[in-house]
Amino acid sequence: MEKLVPSLSIWGFVLLFTCLFIEEINGQNWLSGRATFYGVNQDPSTFGGACGYDNPYHAGFGVNTAALSSALFRNGEACGACYIVRCNRKLDRKWCLPNGAVTVTATNFCPPNNHGGWCDAPRQHFDMSMPAFLRIARQGNEGIVPILYKRVSCRRRGGVRFTLKGQANFNMVMISNIGGSGDIKSVWIRGSRTKSWLAMYRNWGVNWQSRIDLRSQTLSFRLTLVDGTTMEFLNVVPSSWKFGQTFASRRQFY
């Protein structure tokens, strides 16, 4: 029996070391930040904000949305990205819900005040819609809680959507309901009478523009997400399109 003791001790040490190692690796996936909520008496469908979504419901995001601090917003490039957020009960057991977690989509910008505010750089801050905030924290007077968060793949219903805006030689397209990484890096457009792909430029948020008159042409798009994934949406908009219309493709990033 005495010879078994060191053997068990060694295996116990190995098991403990392995668990700690796995915990450390997993812990690297989570980042620390803070979260508040906004829009107590507002309709969540109006939370399109700085990303330019006309209506987050129509864009496919529901009520679980958030405004990001400047360190996360990346001048609008983060629009459409998904994050899983959970309250850090190790730092605040009073207000954090046990096992509370919610996946939110970035649809807005939390502007800095440059006087030490929570949305000032380099702070990692989520100003969440109230329905999303109450998935991770108790309702009360606290108002701000410590969180752990990480990027996750976006899961959307249906295909990517293209809403046509602008006029004459100024075409602006709002692109929404994007799966995968969710955030767009580059966009190209091609008309049925255009021989090559034409680069579009980010106007603001998820609104991309070009100064080519493509009226009465069938439109195709090529999208590259921040993670490098590229997909083409050929002839997704018919030549009879009008400004203000939305067209849903059958293709999606996963």
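Reply: Leaving aside residues up to four places away in sequence, Ser176 touches Tyr53, Ala59, Val160 and Arg161, where contact means heavy atoms within 4.5 Å. This is a predicted model, in which local features need pLDDT of at least 70, side-chain atom pairs count only at pLDDT 80 or more, and totals for chains, interfaces and linings use all residues. Residues are numbered from 1 along each chain as its sequence is written, and side-chain values use heavy atoms, with hydrogens and water left out.

Me: Is Ser176 buried or exposed?

Reply: Buried means under 20% relative accessible area, exposed over 50%, and partly exposed in between (1.4 Å probe, protein chains only). Ser176 has a relative accessible area of 3% and is therefore buried.

Me: How do strands E2 and E4 pair?

Reply: Strands of a sheet pair through backbone hydrogen bonds, either parallel or antiparallel. Strands (E) are DSSP runs of at least two residues, numbered from the N terminus, and two of them pair if DSSP finds at least two bridges between them. Here E2 (residues 65-68) and E4 (residues 101-109) are parallel, over four bridges; Leu68 has Phe109 in E4 as its bridge partner.

Me: Which side chain makes a polar contact with that of Asp127?

Reply: A polar contact is a pair of N or O atoms within 3.5 Å; within protein, one must be able to donate a hydrogen and the other to accept it, and residues adjacent in sequence count only if both atoms are side-chain atoms. For Asp127, in strand E5 (residues 125-129), the partner is the side chain of Thr36, at 2.7 Å.
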